[in-house]
Amino acid sequence: MKKMTNYRILSIYALLALSVGMSALEVLLNLKGKVASDTTQSLWSVSFVILSIVWAYADSKQRQFHKPFEFVFLAYMLWPVVFPWYLVSTRGVEGVVLFLGFLLLWLVPWLAGVIAYVYFA
């Protein structure tokens with residue numbers, strides 16, 4: 001049980017660190033009038049989805065949530081549907097707020113880049 005909690009915490013820290021790093025990259029590139037490559041954007045999106053699934057898997061173990069055998073595969077393939085479903089089914093309305101927090105964490109790098117481009121470039 002303790003090990004899964006560590007995966008939960010580590011995945012949140014990794015998401016925060018990646019979001020901060022991607023924000024810095026977006027700001028620096030947009031200040032120079034450039035954009036991040038498609039590969040970088042794809043890597044950010046895939047790593048975000050994988051880390052959020054790791055968090056959900058560890059969270060489901062801690063909450064003793066009964067999930068289907070292929071939960072991780074379904075969460076990866078249908079993330080926009082399965083991830084909010086998991087959050088709402090385990091937390092109710094609080095899950096919607098938590099999902100919006102995850103979305104905000106995903107959008108912060110883009111927003112930082114837009115602000116840097118519009119106001120400082």
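Is isoleucine 9 buried, exposed or partly exposed, and at what relative accessibility? Isoleucine 9 counts as partly exposed, at 41% relative accessibility. Buried means under 20% relative accessible area, exposed over 50%, and partly exposed in between (1.4 Å probe, protein chains only). The model is predicted: local features need pLDDT of at least 70, side-chain atom pairs count only at pLDDT 80 or more, and totals for chains, interfaces and linings use all residues. Residues are numbered from 1 along each chain as its sequence is written, and side-chain values use heavy atoms, with hydrogens and water left out.

Isoleucine 9 belongs to helix α1 (residues 2-31). Helices (H or I, at least four residues) are DSSP runs, as are strands (E, at least two), numbered from the N terminus. Serine 19 is buried, at a relative accessible area of 3%. Beyond four places in sequence, serine 19 touches Trp44, Leu105, Val108 and Pro109; contact means heavy atoms within 4.5 Å.

Helix packing was examined next. Helix α2 (residues 38-63) and helix α4 (residues 79-91) have axes that come within 11 Å and cross at roughly 30°. Axes are lines fitted to C-alpha atoms, for helices over the stretch in contact, and angles run from 0 to 180 degrees between N-to-C directions. α2 is therefore roughly parallel to α4. Angles under 35 degrees count as roughly parallel, over 145 as roughly antiparallel, 65 to 115 as roughly perpendicular and the rest as oblique. Among the contact residues are Phe48, Ser52 and Trp55 of α2 and Trp79, Phe83 and Tyr86 of α4.

α2 and α5 pack at about 155°, with axes 11 Å apart. This makes α2 roughly antiparallel to α5. Trp44, Ser45, Phe48, Ser52 and Trp55 of α2 meet Leu98, Phe102, Leu105, Trp106 and Pro109 of α5.

The largest nonpolar core has 20 residues. Such a core is a set of buried Ala, Val, Leu, Ile, Met, Phe, Trp, Tyr and Cys residues joined through side-chain atoms within 4.5 Å. Phe48, Trp55, Trp79, Phe83, Tyr86, Leu87 and Phe102 touch the most other members. Two or more residues come from each of α1, α2, α3 (71-77), α4 and α5 (93-120). α2 gives the most, with 7 residues. Phenylalanine 83 touches Ser52, Trp55, Ala56, Phe99 and Phe102, not counting residues up to four places away in sequence.
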